[in-house]
Amino acid sequence: MMHRVDDAAGDRPSGDGQTRSGPRRTARRTSSAGAANANAEKRTDLSLAPLAERGADGDFQPAKRLYIVLHNIDGAQLRSPEAQAVLGELASMPRVHLIASVDHVNAPLLWSKREAARFNWVWRKATTFAPYAVETSFAPQLLASRGEERHIRGAVNVLKSLTSNARDIFRVLAEYQLANPEEKGMGFHAFYTECRSQFLATSEVTLRSHLTEFVDHELTRTRKGSDGEDVVHAPFESDVLAQLLKEIQGV
């Protein structure tokens, strides 16, 4: 038993009784294990090379990552194919992580299979049931009912289809109502005088023909004032009139 132990230690008796030094198996095994560990460390360093960078003191440090939080990725300003393509390229980059929220139930229809693969989404349902008070604070509040909202959209389309002269006549009335909210309209004589001064109507007949068209499209209404004069007014709230003027500006 002792010989086997010595043999394992590397000293082996010879046939003439002298002890000779043989190959040290244990040492050889240790050397092989050390080489294997060195190779493993080298492979580990190579595998971590893309994920780490050498710091100022020479130590490897974790690579920096970029986390982007994007609210409402399906918003109106980001629905274009160009915007989604840029976001997809950004999300597919290494060390870049995109966290986004969606509002519309059909938001996944924005992306084709190829675009969805670039994002590689992990979906999490996180409905808050909170009102869109902040999101809608930046949009003009037109009207509450859907019927009135359709009326607004129709008014915008009609104004855009009219001649520039007719739009300017409506602009005169809208600007007067915005400047004088306490007055429920503009007297016909004052209205005609202002339009004539801006070379928009050369006669009362011309102005009344425009007003007839406005009434037909529910852009204006006419009523009798206390003095019997016709009073023309646009049946919209002040914020709606301001939005209408903005819509037709530059048309």
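Tutor: Nearest the centre of the largest pocket lie A100, S101, V102, R124 and A126, which belong to a lining of 34 residues. (On a 1 Å grid over the protein atoms alone, a pocket is an open set of points with protein on both sides within 12 Å along at least five of seven lines, and lining residues have an atom within 4 Å of a point.) The model is predicted: local features need pLDDT of at least 70 and side-chain atom pairs pLDDT 80 or more, while totals for chains, interfaces and linings use all residues. Numbering runs from 1 along each chain as its sequence is written, and side-chain values use heavy atoms, without hydrogens and water.

The volume of this pocket is about 1100 Å³, taken as the space filled by probe spheres (1.4 Å probe) set on the grid points. Strand β6 (96–100) and helix α4 (113–119) each supply at least two lining residues; helices are DSSP runs of H or I with at least four residues, strands runs of E with at least two. The most comes from β6, with 5 residues. By class, the lining of the largest pocket has 20 nonpolar, 9 polar and 5 charged residues, where Asp, Glu, Lys and Arg count as charged, Ala, Val, Leu, Ile, Met, Phe, Trp, Tyr, Cys and Pro as nonpolar, and the others, Gly among them, as polar.

Turning to a helix pair, I169, V172 and L173 in α7 meet F191, E194 and C195 in α8, with contact meaning heavy atoms within 4.5 Å. This contact has 5 nonpolar, no polar and 1 charged residues.
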